[in-house]
Amino acid sequence: MKHADILEMFCLESPVTDCREYGNGNINSTFLVTTEKGSRYILQRLSEEAFKDVPALMENIEGVTGFLQKKAERDGTPVHVLAPLKTKEGKTFVERDGYYRLTPFAENSLSLEAPESDEDFRECARAFGTFISELAEYPAETLHETIPNFHNTPDRYRIFRETLERAKADSELATRIDEAAEEIRFALDREEAAGTLQKMRDDGILPERVTHNDTKLNNVLLDKDTRKLMYVIDLDTVMPGLSLYDYGDCVRFGASTAAEDEKDLSKVSFDLHMFKVFTEGFVEACDNMTDKEKEMLPYGPKTLALELGVRFLTDYLDGDRYFHTAYPGHNLVRCRTQFKLVRDIESKWDEMNEIVKEITE
Ligand code: ADP
Ligand code: GN1
Ligand code: MG
């Protein structure tokens with residue numbers, strides 16, 4: 001059995017009988033662990049490519065989950081986050097040829113790759129909106145920046161340009177530049193507009209909040225029976241950010257009519273009905289949004305889809321080091337779906353603004 005010596009370092013109530021790969025995360029390596037008595041856990045090896053300071057990251061998670069647990073106790077409400085389990089030495093992680101952590105497995109939960117109904121999507125919107133709202137009093141200055149400039153779109157462009165230059169000089173990667181010529185042009189054409197949210201953040205026009213920053217649908221666990229929120233998971237990137245990042249990232253994913261790695265681009269479009277459903281849920285749950293935040297909502301999915309497309313493209317030109325890939329062109333395929341969404345959002349821009357106005361006025 002793999003990982004036995006790591007699991008040995010945690011206080012489990014009975015011996016481990018099974019440990020197998022689990023889930024569809026793009027970053028960490030995730031395993032489902034079962035014990036003799038039938039208890040289940042999630043073991044994760046954190047990505048070293050993504051996270052350069054795991055102890056700091058785990059300190060963030062301990063702080064945020066502890067804060068939300070105390071708040072729920074005080075308010076008499078359910079807790080919607082899972083705290084990491086402690087090792088026999090009282091630590092939240094094990095360092096052994098990499099960093100590992102263990103979390104209770106959420107039984108009877110669903111992690112969706114696409115919303116199966118409007119209500120599922122509205123529930124995810126409420127989940128992420130509430131997450132921000134509940135962390136409003138969290139001391140943001142104590143949080144470590146686990147990935148510097150994570151949603152700083154202009155900085156993502158800087159890295160993209162540098163990677164492009166490196167690829168030009170590398171005989172193996174240079175062919176990828178030809179493959180991606182159209183996408184490279186698409187990205188460069190939009191560089192200036194891509195910086196709108198970052199500029200408004202820098203200028204203090206949009207307020208900084210404690211945000212999740214990785215609000216893909218499968219980072220929410222719904223109760224299988226009630227389809228209501230059980231847990232918001234994947235807290236590795238909880239950091240100061242903009243509400244529009246969390247809003248934009250989830251809606252660009254869930255309002256897409258196809259999977260993030262769909263090869264047939266004719267299937268990929270931005271569904272305005274789902275956009276409306278999500279916006280209603282998010283605005284209702286994330287209270288105290290300023291007028292400016294509300295006005296800028298359409299920039300959320302537009303910016304986040306463009307930024308993620310640039311990130312996939314960058315990783316493609318970098319030889320696929322950051323995102324897990326299943327085949328050599330996987331990151332380019334993913335980049336194309338994001339750019340198709342951007343194009344579609346551009347064509348639906350006026351309607352999106354109308355929808356937002358109707359909901360927020
Ligand atoms: P990554 O950063 O690689 O996305 P995640 O923490 O999101 O890693 O985990 C990957 C997937 O594993 C999730 O999308 C979810 O489906 C599943 N998962 C993670 N933690 C749990 C948990 N505690 N209970 C049930 N499923 C989980
Ligand atoms: C990664 O970890 P996961 O699979 O939930 C990535 C997100 C991307 C997403 C695209 C830490 O999310 O930023 O939007 O892939 N997370 C990190 O699928 O980079
Ligand atoms: Mg995840």
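How many nonpolar, polar and charged residues does the lining of the second largest pocket have? By class, that lining has 8 nonpolar, 4 polar and 9 charged residues, where Ala, Val, Leu, Ile, Met, Phe, Trp, Tyr, Cys and Pro count as nonpolar, Asp, Glu, Lys and Arg as charged, and the others, Gly among them, as polar.

The structure is a predicted model, in which local features need pLDDT of at least 70, side-chain atom pairs count only at pLDDT 80 or more, and totals for chains, interfaces and linings use all residues. Residues are numbered from 1 along each chain as its sequence is written, chains are lettered from A and ligands numbered from 1 in the order in which they are written, and side-chain values use heavy atoms, with hydrogens and water left out.

**Pockets and the cavity**

On a 1 Å grid over the protein atoms alone, a pocket is an open set of points with protein on both sides within 12 Å along at least five of seven lines, a cavity is a set of points where a 1.4 Å probe fits but cannot get out, and lining residues have an atom within 4 Å of a point. Grid points are joined across faces, edges and corners, and a volume is the space filled by probe spheres set on the points. By this rule there is 1 cavity of 30 Å³ or more.

| Space | Volume | Lining by class |
|---|---|---|
| Largest pocket | about 970 Å³ | 23 nonpolar, 15 polar, 11 charged |
| Second largest pocket | about 540 Å³ | 8 nonpolar, 4 polar, 9 charged |
| Largest cavity | about 40 Å³ | 4 nonpolar, 3 polar, 2 charged |

Helices (H or I, at least four residues) and strands (E, at least two) are DSSP runs, numbered from the N terminus. The largest pocket is lined by 49 residues, and Gln-44, Asn-218, Asn-219, Ile-233 and Asp-234 lie nearest its centre. Two or more residues of this lining come from each of β3 (40-45), β5 (99-104), β6 (109-110), α8 and α11. The largest share, 5 residues, belongs to α11.

Of the 21 residues lining the second largest pocket, Glu-49, Arg-156, Ile-159, Asp-318 and Tyr-322 lie nearest its centre. Both α4 (153-168) and α11 supply at least two residues there, with the largest share, 5 residues, coming from α4.

The lining of the largest cavity consists of Arg-252, Phe-253, Ser-256, Ala-258, Ala-259, Glu-260, Thr-337, Gln-338 and Leu-341. Here α8 (243-254) and α12 (330-347) are the elements that give two or more residues, and α12 gives the most, with 3 residues.

**Helix packing**

Two packed helices are described by the angle between their axes and the distance between the axes. Axes are lines fitted to C-alpha atoms, for helices over the stretch in contact, and angles run from 0 to 180 degrees between N-to-C directions.

Helix α6 (residues 181-189) packs against helix α11 (residues 299-317) at an angle of about 140°, with the axes 11 Å apart. This angle makes α6 oblique to α11. Contact (heavy atoms within 4.5 Å) is made by Glu-183, Ile-184, Phe-186 and Ala-187 of α6 and by Leu-306, Val-310, Leu-313 and Leu-317 of α11. By class, these comprise 7 nonpolar, no polar and 1 charged residues.

The axes of α8 and helix α9 (residues 272-285) come within 10 Å and cross at roughly 145°. Ser-243, Tyr-247, Cys-250 and Val-251 of α8 meet Phe-275, Phe-278, Thr-279 and Phe-282 of α9. The residues of this contact divide into 6 nonpolar, 2 polar and no charged.

How values were computed
Parallel < 35°, antiparallel > 145°, perpendicular 65-115°, else oblique.
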